[in-house]
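User: I am new to this structure and would like a close look at a single part of it, followed by some context.
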Amino acid sequence: MGILRRLGNLGRQKKLDAEIEAELQSHIEMRSADNIAAGMSPEEAWRKARLRFGSPVLVKETTAAADAALGLERLWRDAHYGARALARSAGFSAMAVGVMALCLGATTTLFNVARCVLVEPLPFRDPSQLVMVYEHFRGASSGSEYNQVSPADYYDWRARTHGFEDMAAWRDWQFNLSGGHGEMPEVVHAEAGTWNLFSVLGVQPALGRTFAASEDHLGASRVAMLTWSLYQRRFGGDPAVIGKEIHMDGNAWTVVGVLPRWFSYPDARVQLWVPYTSIASPGFMQHHEDDQSFVVARLRPGVSLAAAMSEVKAVQYRIHTEHLDQPVAGDAISRPMLDDMVQEVKKPLLILLSAVGCMLLIGCLNVANLLVARGTARQRETAIRDALGAGRLALIRQQLAESVLLCGAGGSLGVLLSVAVTQWLIHAWRNLPRAEAIHTDASVLAFAFGLMIVAGLLSGLLPAILAARKSTFAVLRDAASTVRGSTSRTGLRTTLLTVEIAVTVVLLVAAGLLLKSFLLLRTTDVGATTDNVLTMHYDLPKTVYDTPAKVVNFSQALLERVRHLPGVVATGLGSVVPGAGYGDDDVFTIVEHPPLNPRQDMPDALTRVADLGYFHALEIPLVHGRAFTPRDRLKHANTVVISKQLAEEYFRGENPLGVHIKVPDWGDSTNYEVVGVVGDTLYQAGRPSKATIYVPVLAGQLDRDYTLVVRTASNPLAMSLPVQKEIAALDPALPVSNVLTMQQVLGQSAATASFSATLVLAFAGLSLVLAAVGLFGVVSYMAAQRTTEIGVRLALGARRERLLRLMMSDGLKPAVVGLTLGLVASAGLTQLIRSMLYATRPLDPAVFVLVAVTLFAVAVLACAAPAWRASRMDPMAALRTE
Amino acid sequence: MARNDLQGSLDLLVLKTLDQRGRLHGYGIVLHIQGASDELLQVEEGSLYPALHRMEQSGWITSEWALTETGRRGKYYRMTAAGSKQLREAEASFEQLVRGVRAMLRYA
């Protein structure tokens, strides 16, 4: 109060001086008039009146001081005094600053990441008008609602609807990028996008141009756009690369442009872009069931999303009815582009943000608790200052100055910490979408500053008000009798502590659930062995390996070489290993079964290529029949092995061996004979298993994408170099990618789960430490308060065990109440993270029991030390402390 | 300690004066305290004005310039609501001090 007025006074010093002068002058005049009335001479009257003031200059100065400067001076004095008080108890201050730095730093970091990733608009033109459009199977029970789009559907949508300004499509691709001058070959992630994609997004190239419509046709000349990172990394940032040719998969592609540095859509792994149709086979544009593309659409201004989508839905339904014999979706569905990009991390980020918010709350409560304790220790000081005429507000201000100083120091450290942690987070959180959008700017600093003030007030106001609440005499009276501690203060500390423990319990339960589900996910039985298995990926370019025979020969030669390496137990070759992703799926028919009703969805299965060693190397059990043999080669490779689930789903009670399967999409009319049934595998940990068809590798067609599987006697990663040398010996231009053990393959799919579980656990662990410190402090404080009482009890013959129990129960009461409240709150709150849990119920009893036991054990430990010390006291010494 | 005690009671005396007399200038306050205390209490002008200005900054009193009965310009003070609250607390505090000191003196 009055600070502004005082600051104002500072600026009006002259006018104020004159006013004081006038006031004093009028006083002197009145006095001398009275003196004259009493019979003095005017000179005498005037002199006497002046004399009463002593030195007029001094009076004027002291009066002016009461008005001006005081405000500023007082602010500074508060800060100065606060700093001195804090310096006196350096240990306390360091701890409080450390706690605040940690909590504020973590909160600022996560706030910043969440803001940049989830809220910040996409860096495209008018990003709110951008949506992603997907196919949607009505009433589909399994899988995602959002299905990728086939090329023909995309072309039909674009041609036959009017609600969108334009629609573009892109799909994932991979190239073997080889150098023209003997540079290392490498596998690059690429995207094939329609020519209009960049104009739909509103992206201008940094160099050169984007694709022309004429380049996005079958048979058009091959062109490519580089991302900034590839341009810098592989081409040294030389602008002369525009118009040059690069070699991918044995073909020459002309570089027409370079994308800007900030462009990292759909993710930062993408190295280059080619036109949508440049990777297509003939007939590509007519495929209604090749669902691998993503469609970006820009809404026409003034058209509602619902109106625009209703047109797309109608078109898709018509396509569906025209192709009842194919698995074509009957509906379409959309979502905003931003949601689409971040939907995987939205929940984890929000959970981390809540967790860190809880930690901040605990940190504030802890500092508040420490301040209350200090306030108690300084009761006499406060009382004396009060008696000396310091106002209540001044005292509160003084206390607040200290907590704001603490939080200010903590916050400044926290911001520095946050800058470092943000960088770490971007690197450590693999596959975090929009990681490139994360930046620290003024609004983050403003947030940190605001948070700092709120934390300072929160942790300072409560103890400050309490400390200044009592009148001078009450405090002095209390101070006179320290036999019984001030109960209101203990009550407040206990309440703070109870809340602190309850919040900690919620955090611990959430962390426990996430951790348990992550561990389950990590150790999921995917149906194959994960011990000592090395996998690596290679992709045979079509231009070099242009006949099935060449592909098969390469595969056989490679397996032969690797098999004879020392330390190799088994080898196998397949398209995808279990746990490495969805891969391909196709619809199939069973030749011996009656034709299906065209209205019915066709049976669908994952399709995998496998050699004779694949099942053995991965220890996928053979249930019936046989695995592949060397006879299943090239023209004779008309056999398939099916998974147990497929057998159960489509051959109920029937013997599937010898039955024939037809897969229309493989482009031939071969009837594949089922020769064996193997155990089920999971394509991704945490997802249900799906019926699978295995085709012999030695057919040499379908796919040129191979994963080599090597089971070793010991450390599989030690084998990676020898195996890669064998590949290089066969084809030095062939790049190898994804050299991973099976455990790493599974770990990748659990990366986000692992990350959020670890972080939440770290926050929960820190909170637990903070709560334990708080508990320790409170019990120590209560023991100190009751020193005399304990001394009296001991002198009167109380048993030490009873005293120990008494002190323990004082500390454990808030712990038990907090624990109970926390468990109840957790039971409700964990429902919110249900969707992030795998094979773990939100009310998992093991987690709840473990948390309760851990917290109770920590509480007992934290209380035991001070309680034990109190009970061991020498009664005489205790009584003498008075 | 003594100086501070005096300052504390000066505030009390000024507030009480304004409570009893309403609007008053500094000189009037000096006269009132002197008269009401049967000439027992003498207020030093050197302490009065700093105290008045400090109390004004604390929001206990407000001031305004006006003409006195004799036609001079004088600065008049008036108590605020915060001031009357402060007065009650100071009175209670003082009563307690007096009771305490008296009990002390009577203790044999």
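What percentage of the 108 residues of chain B count as buried?

Analyst: The model is predicted. Of the 108 residues in chain B, 29% count as buried. Chain B contains 4 helices and 3 strands, and their order along the sequence is α-β-α-α-β-β-α. Among its contacts between residues at least 6 apart in sequence, 47% join residues at least 24 apart.

Helix 24 of chain A contributes residues including A:Leu803, A:Met807, A:Gly811 and A:Ala815 to the contact, while helix 25 of chain A supplies, among them, A:Phe848, A:Phe856, A:Cys863 and A:Trp868. By type, the residues of this contact comprise 19 nonpolar, 2 polar and 1 charged.

As for the nonpolar cores, the largest has 168 residues, and A:Met100, A:Met359, A:Leu507, A:Ala510 and A:Val760 have the most contacts inside it. Helix 11 (residues 337-377) of chain A provides the largest share of this core, 18 residues. Beyond its neighbours within four places in sequence, A:Met359 is in contact with A:Cys103, A:Ala106, A:Phe763, A:Leu766 and A:Ser767. A second, separate core has 57 residues, including A:Leu201, A:Leu230, A:Ile246 and A:Phe263.

Technical notes. Residues are numbered from 1 along each chain as its sequence is written. Chains are lettered from A and ligands numbered from 1 in the order in which they are written. This is a predicted model: local features need pLDDT of at least 70, side-chain atom pairs count only at pLDDT 80 or more; totals for chains, interfaces and linings use all residues. Two residues are in contact if their C-beta atoms, placed from the backbone, lie within 7 Å. Helices (H or I, at least four residues) and strands (E, at least two) are DSSP runs, numbered from the N terminus. Ala, Val, Leu, Ile, Met, Phe, Trp, Tyr, Cys and Pro count as nonpolar, Asp, Glu, Lys and Arg as charged, and the others, Gly among them, as polar. A nonpolar core is a set of buried Ala, Val, Leu, Ile, Met, Phe, Trp, Tyr and Cys residues joined through C-beta atoms within 7 Å. A residue is buried if 20 or more other C-beta atoms lie within 10 Å of its own, exposed if 12 or fewer, and partly exposed in between; C-beta atoms are placed from the backbone.
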